[in-house]
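Visitor: I have not seen this structure before. Could you take me through it in questions and answers?

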Amino acid sequence: MKAGNLTLTVAVAAAFGVALAAPVALGAQVIDVVERGSGNMEVLGHVPLGPRLSIADMDIEQEMHRPYAYVARMQYGPVGPKGLDIVSMADPEKPEVLYEWRIEDQDLHQRTGGMDVKHFKWGDRYYVVQSLQFGQGGPDSDMGAVVLDVTGLPDASTVREVARIKEPDLPGGFHNIFVYKHSNMNVYLVATVSGPYAAVYDLGALVEGRGEEMVAQIPIPDQGMPENRRRGYHDFYLGYHPDTGTDRFYGGGFGGYYIYDVSDLQNPELLTQIVQVSGIRSGHTFTPTPDGNFAIAETEYQYAPLRIFDLRPGLNGEVPAIRSPIAAWTANWKNLVHNHEVRWPLVFVSGYLDGLVVFNMMDPTNPMTVAHYDTYLGPPNHDRTPVFNGTFGVDIRNEDGLIVVSDMTTGFWTFRMEGFQGWNGEDWGMPNISSAQDWDNGPAGASARITTDQQGG
């Protein structure tokens, strides 16, 4: 169904709890309800998942023969499960929950529970990593993630737990995670921990039983703070940079945003940083364009826009640090935009109270909103931070352009946007690089470089 104007009688509006768009005179029989979405955004399907404020981030598989989404479940409000839901999108118009994983002894585990979630493939098997955060005073405060084998889907009976990642010296779990197929052809989990670095784990070794210990750390620059007082990263993205043949880490955390060359994970090299920017004390989501020239940066506080930075002056050594954005964008200045996915020239945003919003950054200095749909029509959150409600996570299936979001209260949604039937960076004169990983071949352009290196070229 496409979003559009609806006409309801006052009686029907009252029966369904629909807020009136404007005061209605006594005796009036009809009202116009404000559009909740643009005409070019089509709702395909929706499935509620449970109590309000119990749904966190999500991730979808990219292969068309594996139409599965993974939705993290949390307790951010008064109640909620702590774990993971697996949703089938075999029919995008009728998504359905196939499987629920829950931590045992739910009531004993303190704090949020599930937060971020990512899938990966190793060999011929498929896995999902669910990040977890449990507080002290209950069990598993040192547990960061659980890994499930999901190869046998859609047969839910075949899902099995294969590993739990624990860090006794870093209690509090993993807030955010990213899974990356490195140019060395290993698959790594990068996790936010309660330390001044991002922690790196070798997922191939983990699922093969060859070790689950941390294999590398990507530090956060001290910014003049002693190590024991520094906060770490909040969120990050990893991607291959074909022009230089390097793997790059883009991290938001204490003081701003940082870009490292992580081709050699044991010796990460800081390439540039975005610091001392007005209005930014700590970075959040940080995503580059496919060519690595620009980046979209989020700072998670009310009224903050997404800022767009030109990375080239820092990467080219023209300045010691980048200190100002070239543009900013927001859906509604009163609220807060959250996570985002870049499919150049489009940026798909999960905007909390503003819903799913898409903007075009073909001209990075002049971003333009092109589509939207509000998945949450309720009030602000009165349990905790008011703007933390509504659309939380967003993901894109590159093959056919399916758009999927998770909403903290209303559940799981699927969309199509007019004119967007899929994405390949090369169609836009860009590297074919996004958060979606090529599990079989590795980053675009990396295999050719490795072959040349092996031949002594």
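**A charge and some rings**

Visitor: Over the ring of which residue does the charged end of Arg 66 sit?
Guide: This is a predicted model, so the distance here is computed from predicted coordinates. The charged end of Arg 66 is 3.9 Å from the centre of the ring it sits over. That ring belongs to Tyr 126.

Visitor: How many aromatic pairs does a search of the whole structure find?
Guide: A pair of aromatic rings is described by the distance of the centres and the angle of the planes. The search of the whole structure gives a count of 21 aromatic pairs.

Visitor: Of what kind is the aromatic pair of Tyr 76 and Phe 388?
Guide: The ring centres of Tyr 76 and Phe 388 are 6.5 Å apart, with 50° between the planes. Planes under 30 degrees apart would count as stacked and over 60 as edge-to-face. The pair of Tyr 76 and Phe 388 is therefore tilted.

Visitor: How many residues apart in sequence are the parts that this pair ties together?
Guide: Tyr 76 lies in the loop between β5 (68–73) and β6 (83–88). Phe 388 lies in the loop between β27 (368–373) and β28 (391–397). The pair therefore ties together parts whose separation in sequence is 312 residues.

Visitor: Is Tyr 76 buried or exposed?
Guide: The cut-off for buried is under 20% relative accessible area. Tyr 76 has a relative accessibility of 12%, so Tyr 76 counts as buried.

Visitor: And Phe 388, buried or exposed?
Guide: The relative accessible area of Phe 388 is 16%. With the cut-off for buried at under 20%, Phe 388 is therefore buried.

Visitor: What angle lies between the planes of Tyr 233 and Phe 236?
Guide: Tyr 233 and Phe 236 are both buried. Their rings form an edge-to-face pair, 6.4 Å centre to centre. The angle between the planes is 80°.

**The whole chain**

Visitor: How many strands are there in the protein chain?
Guide: The protein chain has four helices. Its strands number 30.

Visitor: What share of the residues in the protein chain is buried?
Guide: The protein chain has 457 residues. Of these, the buried share is 58%.

Visitor: Over which residues does pLDDT stay under 50?
Guide: The mean pLDDT of the protein chain is 90. Where pLDDT is low, the predicted coordinates should not be read in detail. pLDDT stays under 50 over residues 1–24 and over residues 450–457.

Key
Residues are numbered from 1 along each chain as its sequence is written. This is a predicted model: local features need pLDDT of at least 70, side-chain atom pairs count only at pLDDT 80 or more; totals for chains, interfaces and linings use all residues. Side-chain values use heavy atoms; hydrogens and water are left out. Helices (H or I, at least four residues) and strands (E, at least two) are DSSP runs, numbered from the N terminus. Buried means under 20% relative accessible area, exposed over 50%, partly exposed in between (1.4 Å probe, protein chains only). Rings of Phe, Tyr and Trp (its six-membered ring) pair if their centres lie within 6.5 Å; planes under 30 degrees apart count as stacked, over 60 as edge-to-face and the rest as tilted. A charge sits over a ring if NZ of Lys or CZ of Arg is within 6 Å of the ring centre and within 35 degrees of the ring normal. pLDDT is the predictor's confidence in each residue, from 0 to 100. Contact means heavy atoms within 4.5 Å.
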